[in-house]
Amino acid sequence: PPFLPRMVKKKDGNELFTAKAYNGRVILSWLNHTLLGVLAQRPDHQILHLTSAAVNSMTNIFSISESHGRFLPESAAQELHDNGVRFVDLYKVLCVEHIRMNKNRWLMRPKIHVLLHLSKDVLKYRANYRMWHTFVDEDAMRWLKCIAARAHPKRRHIWLLKCTKLRLRTMKHRVERKKTRGKRG
């Protein structure tokens with residue numbers, strides 16, 4: 001799908017960018033290029049330098065991970081790790097700077113911390129996380145969204161809990177059944 005203005009939401013005076021993976025990468029590359037042009041006009045702006053470095057690190061992460069297969073050569077693993085750690089470090093600095101300026105930008109998000117662990121794993125195992133990373137139960141998101149869309153708004157939370165409990169019971173039953181089959185065979 002094309003980039004649409006509704007993908008940039010304003011919440012409490014802040015911009016919140018929402019896009020699917022490919023659109024996000026394309027727009028991030030454009031933003032990186034645009035920031036370099038702005039920096040040429042305002043070379044003394046410290047926050048722009050930090051922002052540009054963070055965006056450049058994330059752009060490099062996408063570029064490196066997409067240009068390699070499942071396993072990375074040592075140099076690519078090191079570069080991916082270095083860019084991941086650099087991004088997290090710059091993100092933290094930008095959070096602190098914006099808090100100091102009393103601006104609600106560069107908020108800490110849990111996935112930022114996960115990126116640090118992924119970067120360490122890439123260096124250790126040399127596996128491209130583009131090929132394997134997912135969060136536990138991320139496959140359940142579509143399922144939960146369907147239930148939430150069909151449930152009555154006032155009782156949605158009850159239905160989500162009931163269906164989740166049923167799903168967990170079913171998963172447990174499948175695991176136990178596999179164990180039983182394994183013992184027989």
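Modeller: A residue is called buried under 20% relative accessible area, exposed over 50%, and partly exposed in between. Bear in mind that this is a predicted model. Lys-178, which lies in helix 6 (residues 156-184), has a relative accessibility of 64% and therefore counts as exposed. Together with Arg-174, Arg-177 and Arg-181, Lys-178 forms a positive surface patch.

Biologist: How many helices and strands does the chain have, and in what order do they run?

Modeller: The chain contains six helices and two strands, and from the N terminus on the order is β-β-α-α-α-α-α-α. Of its 185 residues, 27% are buried.

Biologist: Which residues have the most contacts inside the largest nonpolar core?

Modeller: In soluble globular proteins, nonpolar side chains tend to be buried together. Here the largest nonpolar core has 27 residues, and those with the most contacts inside it are Leu-80, Phe-87, Leu-115 and Tyr-129. Two or more residues of this core are given by each of helix 1 (21-41), helix 2 (46-66), helix 3 (74-100) and helix 4 (110-125), with helix 3 contributing the largest share, nine residues.

Biologist: What is the phi of Arg-126, and is Arg-126 buried or partly exposed?

Modeller: Most residues other than glycine have a negative phi. Arg-126, although not a glycine, has a positive phi of about 55°, and its place is in the loop between helix 4 and helix 5 (140-150). With a relative accessible area of 36%, Arg-126 is partly exposed, because values between 20% and 50% fall in that class.

Technical notes: Residues numbered from 1 in each chain as written. Predicted model: local features only at pLDDT ≥ 70, side-chain atom pairs only at ≥ 80, totals over all residues. Heavy atoms only, no water. Patch = residues over 30% accessible without salt bridge, like charges linked within 9 Å, V, L, I, M, F, W, Y side chains within 5 Å. Areas by Shrake-Rupley, 256 points an atom, 1.4 Å probe, with all protein chains shown as cover. Salt bridge = Lys/Arg side-chain N within 4 Å of Asp/Glu carboxyl O. Lys, Arg positive; Asp, Glu negative; His and termini not counted. Charge placed at Lys NZ, Arg CZ, Asp CG, Glu CD. Helix = DSSP H or I, 4+ residues; strand = E, 2+ residues; numbered from the N terminus. Buried < 20%, exposed > 50% of the residue type's maximum accessible area, 1.4 Å probe, protein only. Core = buried A, V, L, I, M, F, W, Y, C linked by side-chain atoms within 4.5 Å.
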